[in-house]
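Please report on the structure shown here.

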Amino acid sequence: MVQRSTQTACRQCGICCRSGGAALHHADIALLEQGVIPRRDLVTIRKGEFAHNPVSRKVQPTMEEIVKLRGKGRGWECCYYEPVSKGCSIYGTRPLACSTLKCWAPSESLKLVETDLLSRIGILGTDSATILLISEHDGYCPLPDFKNLGYNLDCRESETLKRLDKSVNGDIAFRNHAVTISGMVLEDEMFLFGRPLFQMLHPFGLDIVQDGMVLSVRINRNRKRGAGEKYRD
Ligand code: SF4
Ligand code: SF4
């Protein structure tokens, strides 16, 4: 027999906020302009990066760039979530995706998924020097072909690992260079360039080994590949 949910209001369990910070939409631009949400509290999921899609309920490549509230440390729990009180430190000014979410009746919030999203360029507006820096990073450090990564590792292991080594180290070098020469503030890095590539490889059964300043990508043959990180859009 199908069990029907009897929930009609938020129970403040915090599960949604612990699963990941919300994606930002055009309706949220004033929160950024007024400094309620500073850039240092944002992280960009670049187009094509793997993310959990609440509509398909699958981890899949994103069709659009997503700028969302960052997590705490390496985790995805929203930076504004207060675990002791199970509350939100910006509750009165929380983004659209948060005020719309009703986990017991999700149809309205599902309509927001990958719709009317704020992008880095939408947020930066006329800051052309920073937009140029982002476009240089996107050109210099494109995302790997995540969709075919498993296949390429199976069929062309050594060549694929070599290419990943180059991309991972190029990405880090670009970020260091940007901080040194452009006046980019380090705390804006996750917003401007998204997560470093080396952080995205773990779900594909890959480990990173560091030797001095150089990173190498290795296959972890003890770990199942392709589970993907799960976090909320
Ligand atoms: S919306 Fe749902 S998951 Fe989120 S805090 Fe409320 S009851 Fe929990
Ligand atoms: S902003 Fe507040 S309501 Fe929204 S995900 Fe973060 S803690 Fe939860």
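Gln34 is exposed, with 59% relative accessibility. The terms run as follows: buried is under 20% relative accessible area, exposed is over 50%, and partly exposed lies in between, using a 1.4 Å probe and protein chains only. Gln34 sits in the loop between H2 and S1. Helices (H or I, at least four residues) and strands (E, at least two) are DSSP runs, numbered from the N terminus. Ala23 is eleven residues from Gln34 in sequence, and their C-alpha atoms are 18 Å apart.

The model is predicted: local features need pLDDT of at least 70, side-chain atom pairs count only at pLDDT 80 or more, and totals for chains, interfaces and linings use all residues. Residues are numbered from 1 along each chain as its sequence is written, chains are lettered from A and ligands numbered from 1 in the order in which they are written, and side-chain values use heavy atoms, leaving out hydrogens and water.

**Salt bridges**

A salt bridge is a side-chain nitrogen of Lys or Arg within 4 Å of a carboxyl oxygen of Asp or Glu. The count comes to 13. The table lists some of them.

| Pair | N to O distance |
|---|---|
| Asp188 and Arg39 | 3.6 Å |
| Arg46 and Asp138 | 3.2 Å |
| Glu49 and Arg195 | 3.1 Å |

Asp188 and Arg39 form a salt bridge. This pair links distant parts of the chain, 149 residues apart: Asp188 is in the loop between H8 and H9, and Arg39 is in the loop between helix H2 (29–33) and strand S1 (42–45). Asp188 is buried at 11% relative accessibility. Arg39 is partly exposed at 31%.

Arg46 and Asp138 also meet in a salt bridge. Arg46 lies in the loop between S1 and strand S2 (50–53) and Asp138 in helix H6, so the pair ties together parts 92 residues apart in sequence. Arg46 is buried, with a relative accessible area of 7%. Asp138 is partly exposed at 30%. A network of salt bridges links Arg46, Glu65, Arg120 and Asp138.

The side chains of Glu49 and Arg195 form another salt bridge. Glu49 is in the loop between S1 and S2 and Arg195 in the loop between H9 and H10, so parts 146 residues apart in sequence are tied together. Both residues, Glu49 and Arg195, are buried.

**Hairpin**

S2 and strand S3 (residues 58–61) pair in the antiparallel sense over four bridges. Pairing requires that DSSP finds at least two bridges between two strands. His52 stands opposite Val59 in S3. Four residues separate S2 and S3 in this hairpin, and Arg57 in the turn has a positive phi of about 60°.

**Helix H8**

Which residues of H8 are buried? They are Thr160, Leu161, Leu164, Val168, Gly170, Asp171, Phe174, Arg175 and Ala178. They pack against several elements, including helix H6 (128–140), helix H7 (149–155) and strand S7 (206–211). Contact means heavy atoms within 4.5 Å.

H8 (residues 157–182) has 26 residues and should span 38 Å at 1.5 Å a residue; its end C-alpha atoms are 36 Å apart, which agrees. The expected span is 1.5 Å times one less than the number of residues. Gly183 follows H8 and has a positive phi, near 80°.

**Ligand 1**

Gln7, Cys10, Arg11, Gln12, Cys13, Gly14, Ile15, Cys16 and Cys103 surround ligand 1. Each has a heavy atom within 4 Å of ligand 1. The shell divides into five nonpolar, three polar and one charged. Ala, Val, Leu, Ile, Met, Phe, Trp, Tyr, Cys and Pro count as nonpolar, Asp, Glu, Lys and Arg as charged, and the others, Gly among them, as polar.
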